[in-house]
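Please look over the structure below before reading on.

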Amino acid sequence: MILHDYHRSSAAFRVRIALNLKNVAYTALAWDLDQHAQRTASYLEFNPQGLIPALEDGAPPLFQSGAIIEYLDEKYNAASLLPDDALGRARVRGIFQQLICDIHPLTTRRVAKYLDEQFAATAHEVIQWRRAWVLEGLQVLEKLLAVSPHTGRFCHGDTPTLADVGLVPQVVSAQTLQIDLKAMPTISRIHANCMQVAAFRHAHPDNCSSSPHLAPQAESTQQPWEPQLLHSHGLSQVTRLIHIRPLQHRHVIRQQL
Ligand SMILES: N[C@@H](CCC(=O)N[C@@H](CS)C(=O)NCC(=O)O)C(=O)O
């Protein structure tokens with residue numbers, strides 16, 4: 001199984017968590033979003049949407065983190081990421097979709113690029129934009145989680161579900177945007193509980209940062225886009241590879257997006 005990955009991609013972070021929760025061995029191929037690797041012909045040929053992540057587990061390749069995670073949940077049905085009851089499943093999917101459909105897309109690199117290119121937004125204004133949408137979305141979610149009797153140690157009950165898989169990357173993204181989460185005690189508590197679980201911890205960008213540090217060295221010795229074996233780590237055997245391509249870019253976005 002091959003995960004087309006980038007350590008700072010929130011959407012890929014979700015899939016890494018799910019793979020770890022399911023204890024599935026995989027190979028990670030890192031596409032350097034900071035170098036716009038997802039917009040190069042070799043990636044677009046594979047995924048015309050030009051977005052990370054993608055998962056290869058036979059043909060066809062799978063796109064969209066939500067679809068990939070539900071595929072994994074169906075294929076490896078031990079430790080289900082969805083509750084048994086229909087109402088519970090709808091609640092969990094609702095939280096997940098709020099995070100991945102209503103918050104995350106507004107903060108992506110392509111939106112930042114458009115703000116920059118079409119409206120000459122400064123880097124500071126782009127950060128303000130991102131902060132506004134993440135803050136608003138998480139504040140709403142905090143209210144939903146705080147009042148619900150279904151909220152437990154995790155977003156739904158006392159075992160991790162799809163909702164937590166969506167929540168943790170968004171909280172990490174909020175942290176990189178320096179959003180103060182003190183006013184969101186329920187989210188902070190659930191996030192802390194998730195980080196007690198190795199599957200979440202091992203998927204964190206700090207534990208998967210294959211590309212930025214090694215890219216310059218690799219560039220001098222590798223052909224463009226030649227995959228380089230970096231190291232293996234993770235809960236299960238995760239092999240991390242990197243595609244390197246020296247590219248000029250206008251500005252590097254260092255937030256978790
Ligand atoms: N809905 C997609 C979103 C994927 C997505 O936006 N990925 C980001 C990284 S987190 C990306 O590839 N961004 C590149 C860009 O915006 O050009 C999913 O959940 O898989």
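The model is predicted. Strand β1 pairs in the parallel sense with strand β2, and β1 runs antiparallel to strand β3. Helix α4 packs against helix α7 and also against helix α6, while α7 packs against helix α8.

**Strands**

- Strand β1 covers residues 2-5 and strand β2 covers residues 26-31. Four bridges join β1 and β2, and the pairing is parallel.
- Within this pairing, Ile2 of the chain stands opposite Thr27 in β2.
- Between β1 and β2 the chain passes through helix α1, residues 10-21, and this β-α-β crossover is right-handed.
- Strand β3 covers residues 54-56, and three bridges join it to β1 in the antiparallel sense.
- Opposite His4 stands Ala54, which is in β3.

**Helix α4 with helix α7**

- Two packed helices are described by the distance between their axes and by the angle between those axes.
- Helix α4 (residues 86-103) and helix α7 (residues 162-176) have axes that come within 7 Å and cross at roughly 30°.
- Angles under 35 degrees count as roughly parallel, so α4 is roughly parallel to α7.
- The crossing of α4 past α7 is left-handed.
- On the α4 side the contact is made by Val92, Arg93, Ile95, Phe96, Leu99, Ile100 and Ile103. On the α7 side it is made by Leu162, Ala163, Gly166, Leu167 and Gln170.
- By type, nine residues of the contact of α4 with α7 are nonpolar, two are polar and one is charged.

**Helix α4 with helix α6**

- Helix α6 covers residues 123-147, and its axis comes within 10 Å of the axis of α4, with a crossing at roughly 165°.
- Angles over 145 degrees count as roughly antiparallel, so α4 and α6 are roughly antiparallel to each other.
- The crossing of α4 and α6 is right-handed.
- From α4, the contact is made by Ile95, Gln98, Asp102 and Ile103. From α6, it is made by Trp133, Val134, Gly137 and Leu141.
- The contact of α4 with α6 has five nonpolar residues, two polar ones and one charged one.
- Ile95 and Ile103 of α4 take part in the contact with α7, and Ile95 and Ile103 also take part in the contact with α6.

**Helix α7 with helix α8**

- Helix α8 covers residues 185-195, and it packs with α7 at an angle of about 105°, with the axes 10 Å apart.
- Angles of 65 to 115 degrees count as roughly perpendicular, so α7 and α8 are roughly perpendicular to each other.
- Asp164, Leu167, Val168 and Val171 of α7 make the contact with Ile187, Ile190, His191 and Cys194 of α8.
- The residues of the contact of α7 with α8 are six nonpolar, one polar and one charged.

**Backbone features**

- Most peptide bonds are trans, and most residues other than glycine have a negative phi.
- Ile52 and Pro53 are joined by a cis peptide bond, with omega at about 15°. Pro53 lies in the loop between α2 (41-46) and β3.
- Ala59 and Pro60 are also joined by a cis peptide bond, with omega at about -5°. Pro60 is placed in the loop between β3 and β4 (62-63).
- Ala79 is not a glycine, yet its phi is positive, at about 55°. Ala79 is in the loop between α3 (65-75) and α4.

Definitions and conventions:
Residues are numbered from 1 along each chain as its sequence is written. This is a predicted model: local features need pLDDT of at least 70, side-chain atom pairs count only at pLDDT 80 or more; totals for chains, interfaces and linings use all residues. Two strands pair if DSSP finds at least two bridges between them. Helices (H or I, at least four residues) and strands (E, at least two) are DSSP runs, numbered from the N terminus. A crossover is right-handed if, with the strands pointing away from the viewer, the path from the first strand over the helix to the second runs clockwise. Axes are lines fitted to C-alpha atoms, for helices over the stretch in contact, and angles run from 0 to 180 degrees between N-to-C directions. A crossing is left-handed if the near helix is turned anticlockwise from the far one by less than a right angle, and right-handed if clockwise. Two residues are in contact if their C-beta atoms, placed from the backbone, lie within 7 Å. Ala, Val, Leu, Ile, Met, Phe, Trp, Tyr, Cys and Pro count as nonpolar, Asp, Glu, Lys and Arg as charged, and the others, Gly among them, as polar.
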